[in-house]
Amino acid sequence: MFTLAEVASLSDIQPTYRILKPWWDVFMDYLAVVMLMVAIFAGTMQLTKDQVVCLPVLQSTVNSKAQPDTSGKADFTTVETTTGQEEASMRTVSFGNAPTVTPDIPLSRATSSQYQPTESGQELKKEQKDSSGRKTNLDFQQYVFINQMCYHLALPWYSKYFPYLVLIHTLILIVSSNFWFKYPKTCSKIEHFVSILGKCFESPWTTKALSETACEDSEENKQRLTGAQSLPKYVSTSSDEGSPSASTPMITKSGFKFSADKPMIEIPSVTILDKKDGEQAKALFEKVRKFRAHVEDSDLIYKLYVGQTVIKTVKFIFILCYTANFVNTISFEHICNPKVEHLIGYTQFECTHNMAYMLKKLLISYISLICVYGFICLYTLFWLFRIPLKEYSFEKVREESSFSDIPDVKNDFAFLLHMVDQYDQLYSKRFGVFLSEVSENKLRGISLNHEWTYEKLRQHVSRNAQDKQELHLFMLSGVPDAVFDLTDLDVLKLELIPEAKITAKISQMTNLQELHLYHCPAKVEQTAFSFLRDHLRCLHVKFTDVAEIPAWVYLLKTLRELYLIGNLNSENNKMIGLESLRELRHLKILHVKSNLTKIPPNITDVAPHLTKLVIHNDGTKLVVLNSLKKMTNVAELELQNCELERIPHAIFSLSNLQELDLKSNSIRTIEEIISFQHLKRLTCLKLWHNKIVSIPSSITHIKNLESLYLSNNKLETLPAAVFSLQKLRCLDVSYNSIAVIPVEIGLLQNLQHFHITGNKVDVLPKQLFKCVKLRTLSLGQNCITSIPDKVSQLLQLTYLELKGNCLDRLPATLGQCQLLRKSGLIVEDHLFDALPSEVKEVLNQDTSIPFANGI
């Protein structure tokens with residue numbers, strides 16, 4: 001047999017699972033324990049006490065004789081039976097009601113002793129002592145024999161096995177109740193859920209988040225009491241024109257509002273979250289996210305719980321049905337016919353079941369317990385099917401807290417939360433904190449502010465090429481509050497910060513004029529937007545999808561420069577973001593790096609006031625360019641990497657164009673250059689990194705051209721027409737196949753920069769050194785064998801590249817180039833070392849003062 005402790009351990013569930021046991025499961029566990037005690041009690045009594053007691057039923061026959069005992073102490077009945085042999089005889093004697101079998105004795109003596117009255121007990125004992133034979137106590141063995149046989153023959157089976165059935169049924173019910181805690185497919189999820197739930201409940205972050213919610217609620221009540229008259233003083237002082245509408249994606253912060261001319265007031269934290277608690281909370285957010293993704297895709301736990309509840313209900317109905325039929329079979333009296341007359345002499349016995357009364361009471365108690373158990377099972381089924389348990393809504397939690405973004409969950413995740421609600425709804429409320437992205441962002445913000453202090457941020461501030469103070473923040477969880485205390489910052493770069501939030505404190509950064517948002521869809525508060533609208537001049541936005549462009553960008557009416565880098569040509573985007581460019585009335589420079597097939601019509605909305613348009617197309621062929629004609633005020637136009645094969649005709653209508661850059665295209669011929677004569681203001685033409693093989697003579701019509709870039713093409717000669725451009729100050733023909741520098745180069749008296757690196761030049765014409773205004777001369781990677789002494793005529797030369805030629809020596813006259821220094825002389829070391837010492841001393845002099853004077 002099992003001990004009580006061993007049996008009770010079957011229903012022993014870990015204390016941590018108690019939060020998943022609703023009241024009916026707990027009640028059924030207690031009922032199962034009571035039923036278990038009933039089974040053990042009944043079984044113990046049945047094992048320790050006599051089972052049945054049987055006595056023979058006397059029958060009147062012709063052979064039986066009765067002799068009453070005058071003394072009333074004994075009743076003698078003698079029945080003689082003889083076998084086939086005369087010498088063998090057996091006498092059966094009944095004393096009172098107890099028959100005994102004695103050994104054979106002489107008949108005469110037995111008869112005389114039978115009919116002689118006994119005077120006293122001593123005489124009887126004396127007579128018995130005189131009788132021959134061996135005493136064996138066969139009367140006791142007969143009773144034991146009959147009791148055992150009648151226990152199995154006369155007693156109903158239910159009376160015999162009732163305690164064991166109760167035990168088996170109870171164990172099945174206990175196993176059914178706890179199977180979902182033990183089944184491998186479900187117990188792992190349950191253990192994980194209970195572990196996470198307990199940590200979330202006890203996490204300091206949960207207490208802090210809910211406490212801040214309480215603070216915010218109290219502040220909202222104060223705002224309601226103060227009335228609407230206090231609101232105008234928090235409104236931005238900027239003009240009402242262009243103020244964001246209700247649909248503008250701003251952050252309207254409940255509670256305190258902030259103004260641009262007042263310091264931001266923060267609600268004091270109720271609790272202090274140290275770094276360790278913050279790390280644990282962040283780990284909890286990650287665990288909850290992964291657990292939700294793992295559990296929400298199935299409903300196995302729900303189905304298993306429903307299944308075990310159905311099994312318990314069916315079990316209850318089965319027990320009740322068959323048990324009710326056997327209640328009346330448990331009785332005190334039973335008639336037994338063992339068919340052992342040849343051994344005993346009696347055919348019928350009357351037996352008493354001394355446990356019948358107790359077993360009947362226990363059975364009635366057991367039926368009562370089963371009925372209560374069954375009604376609870378039926379209620380459980382009603383609860384399981386009454387509401388959709390595979391859906392769970394945090395609507396009540398969202399209403400009571402500031403975390404309005406807590407998502408609804410489904411399947412097993414929802415069912416587990418429903419079970420937890422039966423234990424205590426406070427668990428779900430505290431657990432919902434870790435499903436909220438707002439809560440997670442708040443935690444990240446606190447951790448971020450702990451890590452990125454004002455001193456640390458100050459160390460990351462640097463000076464850029466424009467000598468402006470710049471701060472670049474990369475891959476942070478948010479924007480630290482201390483950033484807005486850097487009041488002297490000029491440029492702020494935010495890269496890969498998906499939860500960037502610009503608060504009203506940015507109004508302290510009065511020097512901020514340039515903002516970079518690289519894959520950073522930043523959100524701004526209303527006061528912060530008012531400040532940016534009035535102060536921001538340059539904005540860089542890098543994105544993957546156009547939806548990443550913050551909508552408030554299109555409302556920055558004072559914005560001068562806008563740089564958009566990302567995909568604008570996908571079917572999902574359809575350039576919807578550029579529809580609002582018409583609001584940028586002060587925009588002067590628009591830089592688009594994308595994969596356009598045509599210039600978006602929306603760009604023409606800003607055409608009247610646009611002065612510079614840059615399109616870098618990343619190799620996608622730009623086909624439709626007709627909208628360029630509307631940009632009459634554009635002074636600088638760059639169409640780079642657009643797979644253009646010819647110069648677009650739409651460009652010839654841009655009468656105010658001053659600089660044209662067609663870099664990295666597939667242009668082979670530039671015969672259309674004759675039409676540039678209508679562009680009276682064109683001063684810079686960049687046709688580099690193309691496939692141009694020749695320069696047409698019509699280039700002479702571009703009278704005002706000052707810079708011509710033709711590097712990285714396939715030119716073999718330089719036509720004389722190029723040298724008729726008297727205003728030309730910069731000529732770059734590097735990395736072509738030019739073998740000869742024409743002598744007409746001496747006509748370019750205003751030439752200051754000449755680049756012919758990477759060609760096949762072997763001789764330098766003396767006329768080159770008549771260009772006395774040359775400051776930069778790049779002659780590297782050619783076949784030049786000598787440098788004429790007339791190089792000394794270039795008194796303004798500051799940069800001379802000669803590396804990669806076939807030079808044996810350098811002319812000593814280099815020392816007469818007053819502004820040339822060693823840092824500006826790009827040549828092999830051995831050639832420099834071969835110069836006279838006095839020349840090297842001149843080239844090694846300090847360059848700061850003479851160079852400044854030369855400029």
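Colleague: How are H7 and H9 oriented to each other, roughly parallel or roughly antiparallel?

Modeller: This is a predicted model, in which local features need pLDDT of at least 70, side-chain atom pairs count only at pLDDT 80 or more, and totals for chains, interfaces and linings use all residues. Residues are numbered from 1 along each chain as its sequence is written, and side-chain values use heavy atoms, with hydrogens and water left out. Axes are lines fitted to C-alpha atoms, for helices over the stretch in contact, and angles run from 0 to 180 degrees between N-to-C directions; under 35 degrees counts as roughly parallel, over 145 as roughly antiparallel, 65 to 115 as roughly perpendicular and the rest as oblique. Helices (H or I, at least four residues) and strands (E, at least two) are DSSP runs, numbered from the N terminus. Here helix H7 (residues 184–202) and helix H9 (residues 275–295) pack at an angle of about 150°, with their axes 11 Å apart, and H7 and H9 are therefore roughly antiparallel to each other.

Colleague: Which residues of H7 and H9 make the contact?

Modeller: Contact means heavy atoms within 4.5 Å. On H7 the residues include Lys-189, His-192, Phe-193 and Ile-196, and on H9 they include Leu-284, Lys-287, Val-288 and Phe-291. The contact of H7 with H9 divides into seven nonpolar, two polar and three charged residues, where Ala, Val, Leu, Ile, Met, Phe, Trp, Tyr, Cys and Pro count as nonpolar, Asp, Glu, Lys and Arg as charged, and the others, Gly among them, as polar.

Colleague: At roughly what angle do the axes of H7 and helix H15 cross?

Modeller: The axes of H7 and H15 (residues 425–432) cross at roughly 80° and come within 9 Å, which makes H7 roughly perpendicular to H15. Phe-193 and Ile-196 are among the H7 residues in this contact, with Tyr-427 and Arg-430 among those of H15; by class it has eight nonpolar, no polar and one charged residues.

Colleague: How do the axes of H2 and H12 cross?

Modeller: Helix H2 (residues 23–48) and helix H12 (residues 356–386) have axes that come within 10 Å and cross at roughly 160°, so H2 and H12 are roughly antiparallel to each other. Their contact comprises 23 nonpolar residues, one polar and no charged.

Colleague: In what order do the three strands form the open sheet?

Modeller: Strands of a sheet pair through backbone hydrogen bonds, either parallel or antiparallel. In this model the order is E1-E8-E7, with antiparallel pairing. Strand E1 (52–56) and strand E7 (333–336) stand at the edges, each with a single partner strand, so one side of each lacks a neighbour in the sheet. Two strands pair if DSSP finds at least two bridges between them; E1 and strand E8 (residues 349–353) pair over five bridges, and Val-53 stands opposite Thr-352 in E8.

Colleague: Where is the pLDDT below 50?

Modeller: pLDDT is the predictor's confidence in each residue, from 0 to 100. The mean pLDDT of the protein is 78, and 78% of its residues reach 70 or more. Residues 61–128 have pLDDT below 50, with 67 contacts in the model beyond near neighbours in sequence. Where pLDDT is low, the predicted coordinates should not be read in detail.
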